[in-house]
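Subject: Structure handover and findings

Dear colleague,

Please find below the structure that I am handing over to you, together with its sequence. My findings follow directly after it.

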Amino acid sequence: MHPARVTLRDIIRFCLTFGMLLGAAADAGAAAFSDSAGRAVPVPERVTKVFPAGPPAGIFLYMLAPDLMAGWTRSPRPDERDLMPQAYAHLPEIGRLTGRGGSANLETVLASKPDLILDYGSLRPTYISLADRVQAQTGIPYVLIDGSFDQIPAAFRATGNLIGRPAEGEAKAREAERILADLAAVRQSLSVGSSAPRVYYGRGADGLRTGVGGSINSELLKYAGAVNVAEEVASSGNLASVSMEQVLAWNPDVILTTDPNFYERVWSDEVWATLGAVKAGRVYLSPTLPFGWFDRPPSANRLIGLRWLLAVLYPDRFAGELEPETRAFYRTFYHLELTDAQLAKVLGPGTRPGTGRSK
């Protein structure tokens, strides 16, 4: 008789079963970590590799302990890699478990042999269910950490303890607390009501997608003491499409965007050019290297985005702080001492107060 042929499906099935057995055995001796969703997750005493479940988790882990990363959910582009230490710029692409189009599968997770899976961000039931399912199928601890903006310091402390890096977690938490405390003091000193800058956030090449009230995509505006003109727009999600007529009726004081194509268009388009923000040269392109500052993705990288917002919304008070704060942030959180050329690349045309048109 010939021996039965072993297929890839058989191997994966065996690995999943074996993973569950190992997980069950490890549970007996592992310490229980209570994650942000209230789940008691058995974690190993020593963590040497972590699988980030999605882009926010990947950036958060990179900021805290890049040497523990199993890889990037998406390989960095060349311009992004240029602003990372080379030791981390070329980590493998492992895909994502979370969100639409999740590209990582259980075979990928098992092949990378992580000690735990980390997700950072939303605690909605969908993410909790995913964590429970993947942990049960693989036997790999799957931890959820709250990604709310005001919880960033607590997230650094909790994750630092989780991965055996309490000193690093505490250092990052204290720096995040310093930034948040400075920003809280600024908000208290700023006048409210009619004097608060009215801001429109335009996404897409035509600038007619925007973040609505309660959206994580435009969450930073409230922390910067600004008014989101689209606050009352009804939408079933975080983003909504609006008409040009509506933008004209709002006539915002400031326009922000993350789209370079829209930023170039706004100056020459006859309709957009009638807006007060365009006439005053108060249209700004959010920095995006190596990660977005204002949006995309909503991780702890938004700390520097809030510093940027203060500079562009209140240039008389904060424009002079933008460059030194950028250097300090990249040194502390991105493990990079920026050269003058790199700083100019990060704070390119349209990102600084007073730069006006990029051409």
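Asp 340 is located in helix α16, which covers residues 340-346. In this predicted model, the relative accessibility of Asp 340 is 58%. Since the cut-off for an exposed residue is over 50%, Asp 340 counts as exposed. Its separation from Arg 327 is 13 residues in sequence, and the two C-alpha atoms are 9.7 Å apart in space.

Is Thr 159 buried or exposed? With a relative accessible area of 1%, Thr 159 falls under the 20% limit and is therefore buried. Leaving aside residues up to four places away in sequence, Thr 159 touches Phe 60, Leu 64, Leu 118 and Ile 145.

Strand β4 comprises residues 116-121, and six of its six residues are buried. Leu 116, Leu 118 and Tyr 120 lie on one side of β4, with Ile 117, Asp 119 and Gly 121 on the other; both faces are covered. As a general point, side chains in a regular strand alternate between the two faces of the sheet.

The sheet itself is as follows. Three strands form an open sheet in the order β3-β4-β5, with parallel pairing. Because β3 and β5 stand at the edges, each with a single partner strand, one side of each is left without a neighbour in the sheet. On average, neighbouring strands of this sheet are turned by 30 degrees against each other, direction ignored.

The individual pairings can be stated in more detail. Strand β3, residues 50-52, pairs with β4 in the parallel sense over three bridges, and Pro 52 has Leu 118 as its bridge partner in β4. On the other pairing, β4 and strand β5, residues 142-146, are joined in the parallel sense over five bridges. Here the bridge partner of Ile 117 is Tyr 142 in β5.

Helices accompany these strands. Helix α6, residues 125-138, makes a right-handed β-α-β unit with β4 and β5. It lies across β4 and β5 and runs at about 160 degrees to β5. Helix α7, residues 152-162, also lies across β4 and β5, running at about 175 degrees to β4.

A further helix pair should be noted. How do the axes of helix α13 (residues 302-313) and helix α15 (residues 322-333) cross, and at what angle? They come within 10 Å and cross at roughly 180 degrees. Angles over 145 degrees count as roughly antiparallel, and α13 and α15 are therefore roughly antiparallel to each other. On the α13 side, the contact is made by Leu 303, Ile 304, Arg 307, Trp 308 and Ala 311; on the α15 side, by Leu 322, Glu 325, Thr 326, Phe 329 and Phe 333. The residues of this contact divide into seven nonpolar, one polar and two charged.

Yours sincerely

Methods. Residues numbered from 1 in each chain as written. Predicted model: local features only at pLDDT ≥ 70, side-chain atom pairs only at ≥ 80, totals over all residues. Heavy atoms only, no water. Buried < 20%, exposed > 50% of the residue type's maximum accessible area, 1.4 Å probe, protein only. Helix = DSSP H or I, 4+ residues; strand = E, 2+ residues; numbered from the N terminus. Pairing = 2+ DSSP bridges. Right-handed = clockwise from strand over helix to strand, strands pointing away. Axes fitted to C-alpha atoms, helices over the stretch in contact; angles between N-to-C directions. Contact = heavy atoms within 4.5 Å. Parallel < 35°, antiparallel > 145°, perpendicular 65-115°, else oblique. Nonpolar A, V, L, I, M, F, W, Y, C, P; charged D, E, K, R; others polar.
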